[in-house]
Each structure stands twice: as C-alpha cells, then as structure tokens.
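Hi,

Here is the structure I promised to pass on.

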Amino acid sequence: MSVSRLLSRIRWQRLAVLPVLGALVGVLASCDQPTPLVTMQAGRSFVQAQAASYDRDGTVVKGASDQIPALHAAPGEIINIDVPKSVADRGYFLTSVDAQSNEVQISDTIKDQHYHLTTPGRAGELPLTIFQVPRSDSGPASGSWKFRLVVQP
C-alpha cells in the first residue's frame, strides 16, 4: 500500500471517530449532576450530606439517599457547618425540632459559607435541617439537608 493511500485511510478513520465522541459527550452532559454537599464538623469528626431535595433551575431534584448522617459531638462543643457558595449566596437557615415535635427555626438567614453553633449542654439526639432560602417569598425552600446531631459526653 502506498504512503498516500495509507494517510488517506487514517484520515477517514479519524473522521469516523468524531460521531462516536459527539454521542459520548451528549450522554455525559445529560447525566444527573449531584446536589451540593453540606458538611458538618465537630472535633475530629465530620459528615457530609447531599440535599434531600434541591431546586436546580426550577426543577426539584430529590436526593438519592434516605440515610441521614449523624454527627457525634460533646455537650457544649462547637459545630462547624460549611455550605457551597451557591447555597450561601441565596442564604440558608437552620431548623430543629422542639420538645413538642414542632419544627423551630434556630438561626436567622445566613449568607456566609461557614457557620458555627454550640451544641446543647446535655446529652441527647437533635435533628438538624439546613434549608436554602426559597427563590420566591411564597415558594418552598430551594434546598434541604438533613442531619442528626448526637450529643454525648
């Protein structure tokens, strides 16, 4: 086979690969993107959670896992919470459940990527949910991340 014929054949093989690459890029682009991660840390322990639900451009994405991460901390210990910039830019707030099983907002709207709070001074388990501020005043929260705070000496 001549050199020119061999080069021509290689060019056609390269061109044949282009549609395959284009299809691969299309498939990868349509894959579900994970929701933003929120991290909680106490001492040397940390946990992360994907959003239980998240509003991505008007479409609500449900979290893949029903498991709620548990962070273990001592009474009176500082808990550090880190959220992505996209969550902090809109704002978020923390809620928990009181003794009568009512959800209670325990912080004002936070606009920083890092926030800290102090655990209760007694042992027990406390559900903690982080809500991203809704897109509109009448709408549901734009995202929610659920944690369990286990306070033990």
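To start with the strands: how many bridges join strand β1 to strand β6? There are 3, and the two strands, residues 38-42 and residues 78-82, run antiparallel. Within this pairing, Thr-39 stands opposite Asp-82 in β6. Pairing here means that DSSP finds at least two bridges between two strands.

Before I go on, a word on the basis. This is a predicted model, where local features need pLDDT of at least 70 and side-chain atom pairs count only at pLDDT 80 or more, while totals for chains, interfaces and linings use all residues. Residues are numbered from 1 along each chain as its sequence is written, and side-chain values use heavy atoms, with hydrogens and water left out.

Back to the sheet. β1 and β6 belong to an open sheet of 4 strands in the order β2-β1-β6-β9, with antiparallel pairing. Its edge strands, each pairing on one side only, are β2 (45-49) and β9 (114-118). On average, neighbouring strands in this sheet are turned by 20° against each other, direction ignored (axes are lines fitted to C-alpha atoms, and angles run from 0 to 180 degrees between N-to-C directions).

As for the chain as a whole, it has 2 helices and 11 strands (DSSP runs, H or I of at least four residues for helices and E of at least two for strands, numbered from the N terminus). Along the sequence they follow the pattern α-β-β-β-β-β-β-α-β-β-β-β-β. Of its 153 residues, 29% count as buried (under 20% relative accessible area; exposed is over 50% and partly exposed in between, with a 1.4 Å probe and protein chains only).

Now the charged pairs. A search of the whole structure turns up 2 salt bridges, meaning a side-chain nitrogen of Lys or Arg within 4 Å of a carboxyl oxygen of Asp or Glu.

One joins Asp-89 and Lys-85, at 3.1 Å from N to O. These two residues are separated by about one helical turn, because they sit 4 residues apart in helix α2 (residues 85-90). Asp-89 is partly exposed, with a relative accessible area of 47%.

The other links Glu-125 with Arg-148, their closest N and O atoms being 2.9 Å apart. Glu-125 lies in strand β10 (residues 124-132) and Arg-148 in strand β11 (residues 143-151), so this pair ties together parts that are 23 residues apart in sequence. Glu-125 is exposed at 52% relative accessible area, whereas Arg-148 is partly exposed at 30%.

Cheers
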